[in-house]
Amino acid sequence: PYSVLPKETPRRVLAGQTILVGSGRVTHQVMEDLRSEDVPTVSIVEDPGVVQELRKLNIAVIGGSLSSSDPTDPMVLVQAHIVTASILVITDLDAVKALKTVDMARQLNPELQIYVRASSTTEAEQLRKEGVQNVWNDVESISDFISTSILRVYAPEEEDDGDDAEQKLEDMRAKKSASRSDGLQTRGAHG
């Protein structure tokens with residue numbers, strides 16, 4: 001019964017919407033934030049209890065079982081109106097399933113903006129290598145926030161916009177990424 005959106009789903013939710021995939025704490029918080037700003041959202045959720053709760057709150061949601069909530073299935077994405085969506089957010093999938101979902105979503109809507117939460121730095125790097133541009137993981141997000149906040153304290157006073165801190169953070173990320181790559185190449189060369 002939850003594999004399709006209710007007939008009374010408002011039309012404004014079915015065009016230009018954000019599709020959220022997952023049912024964890026991060027997904028829930030994103031959903032609350034978007035709701036508070038009246039952003040049209042459709043959720044794809046596996047847990048039938050969560051689906052029932054969201055429907056009671058008049059949130060557009062599909063799922064409730066493995067088959068009706070598998071975002072790698074094009075029919076599930078079509079039920080969420082992926083063709084007319086603006087954004088896809090994946091927060092609770094492993095990298096393999098996330099990549100399959102991203103590939104299917106891109107086939108159905110090449111203009112879609114995609115955001116994926118990775119469970120580790122390694123997974124985030126794998127997703128980025130596969131062309132997913134908007135990837136984050138908890139460790140990177142927290143460390144970026146802290147680093148940017150600290151760098152803003154040391155930014156020259158005449159630069160109120162924090163661009164210098166952002167540039168320094170980008171430089172730090174590039175150095176970290178390069179050193180990880182060098183370390184992998186060195187380890188690979190020595191066995």
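This is a predicted model: local features need pLDDT of at least 70, side-chain atom pairs count only at pLDDT 80 or more; totals for chains, interfaces and linings use all residues.
Trainee: Okay, where do I start? How many residues does the largest nonpolar core have?

Mentor: It has 30 residues. Those with the most contacts inside it are Ile19, Ile44, Leu88, Ile90, Val116 and Leu127.

Trainee: Which one gives the most?

Mentor: That's H4, with 5 residues.

Trainee: Let's zoom in on Ile90. What does isoleucine 90 touch?

Mentor: Leaving out residues up to four places away in sequence, isoleucine 90 touches Val21, Ala98, Thr101, Val102, Tyr115, Val116 and Arg117.

Trainee: How many residues are in the second, separate core?

Mentor: That core has 9 residues, including Val45, Ile59, Val61 and Val89.

Trainee: Changing topic: charges. How many salt bridges does a search of the whole structure find?

Mentor: It finds 5. In one of them, the side chains of aspartate 70 and lysine 97 meet at 3.8 Å, N to O.

Trainee: Where do those two sit in the chain?

Mentor: Aspartate 70 is in the loop between E3 and H3, while lysine 97 is in helix H4. They're 27 residues apart, and the pair links distant parts of the chain.

Trainee: Buried or exposed, or in between, for aspartate 70?

Mentor: Aspartate 70 is partly exposed, with a relative accessible area of 22%. Lysine 97 also counts as partly exposed, at 28%.

Trainee: Now Arg117. Which side chain does arginine 117 meet at 3.7 Å?

Mentor: Aspartate 92, in a salt bridge. Arginine 117 lies in strand E5 and aspartate 92 in the loop between E4 and H4, so the pair ties together parts that are 25 residues apart in sequence.

Trainee: And which side chain meets arginine 117 at 2.7 Å?

Mentor: Aspartate 138, also in a salt bridge. Aspartate 138 is in helix H6 (residues 138-154), 21 residues apart from arginine 117.

Trainee: Why does arginine 117 count as buried?

Mentor: Because its relative accessible area is 18%, and buried means under 20%. Aspartate 92, at 34%, is partly exposed, and aspartate 138 counts as partly exposed at 35%.

Conventions
Residues are numbered from 1 along each chain as its sequence is written. Side-chain values use heavy atoms; hydrogens and water are left out. A nonpolar core is a set of buried Ala, Val, Leu, Ile, Met, Phe, Trp, Tyr and Cys residues joined through side-chain atoms within 4.5 Å. Buried means under 20% relative accessible area, exposed over 50%, partly exposed in between (1.4 Å probe, protein chains only). Helices (H or I, at least four residues) and strands (E, at least two) are DSSP runs, numbered from the N terminus. Contact means heavy atoms within 4.5 Å. A salt bridge is a side-chain nitrogen of Lys or Arg within 4 Å of a carboxyl oxygen of Asp or Glu.
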